[in-house]
Amino acid sequence: MLHHLALAFLLSIDLAAVRNEPNLEKRAYLALDNANASIDRAKTAYNAEKYAESHKLVAEVLESVELCQESLKADGRDPAKDRKQFKKVELKTSALIKRLNNFKMEVSVEDHPVIEKTISRLETINEEILEGLFSKRKK
């Protein structure tokens with residue numbers, strides 16, 4: 001029962017609530033959690049033949065990851081100096097890309113462009129994080 005309540009709480013987090021989190025670091029991680037939950041909700045909507053809702057939720061994955069990136073930038077964090085935190089974000093973003101690729105294989109070919117657009121942008125964000133991690137530190 002407790003497990004179901006925790007899951008319901010996680011799924012009830014929406015992007016508007018995440019945007020209102022004043023702590024930028026916490027907002028970044030909540031945004032990634034929301035992205036992950038949005039994939040789950042997109043799959044559920046797709047399986048229920050609610051295709052427009054599924055597309056909207058895939059777009060929310062992208063919005064969530066972009067919010068994460070914006071929050072970390074606004075916090076003034078430098079990936080070259082705060083490698084541990086940015087590596088966590090990079091790993092979570094990579095996992096989201098894998099999940100979306102798996103979801104793409106489950107849907108009709110007509111629905112691929114929506115997912116591919118999100119995957120492409122997530123890959124760009126992931127590359128930016130990696131570039132920051134491996135750039136030379138400024139003295």
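E49 has a positive phi of about 65° although it is not a glycine, and it lies in the loop between helix 3 (24-47) and helix 4; helices are DSSP runs of H or I with at least four residues, numbered from the N terminus.

The model is predicted, with local features needing pLDDT of at least 70 and side-chain atom pairs counting only at pLDDT 80 or more, while totals for chains, interfaces and linings use all residues. Residues are numbered from 1 along each chain as its sequence is written, and side-chain values use heavy atoms, leaving out hydrogens and water.

A search of the whole structure finds two aromatic pairs, where ring centres of Phe, Tyr and Trp (its six-membered ring) must lie within 6.5 Å, and planes under 30 degrees apart count as stacked, over 60 as edge-to-face and the rest as tilted.

| Pair | Centre distance | Plane angle | Class |
|---|---|---|---|
| Y46 and Y51 | 4.9 Å | 65° | edge-to-face |
| Y46 and F103 | 6.0 Å | 90° | edge-to-face |

Y46 is buried at 12% relative accessibility and F103 is buried at 2%, whereas Y51 is partly exposed at 36%. Y46, Y51 and F103 form one aromatic cluster.

Methods: Helix = DSSP H or I, 4+ residues; strand = E, 2+ residues; numbered from the N terminus. Buried < 20%, exposed > 50% of the residue type's maximum accessible area, 1.4 Å probe, protein only.
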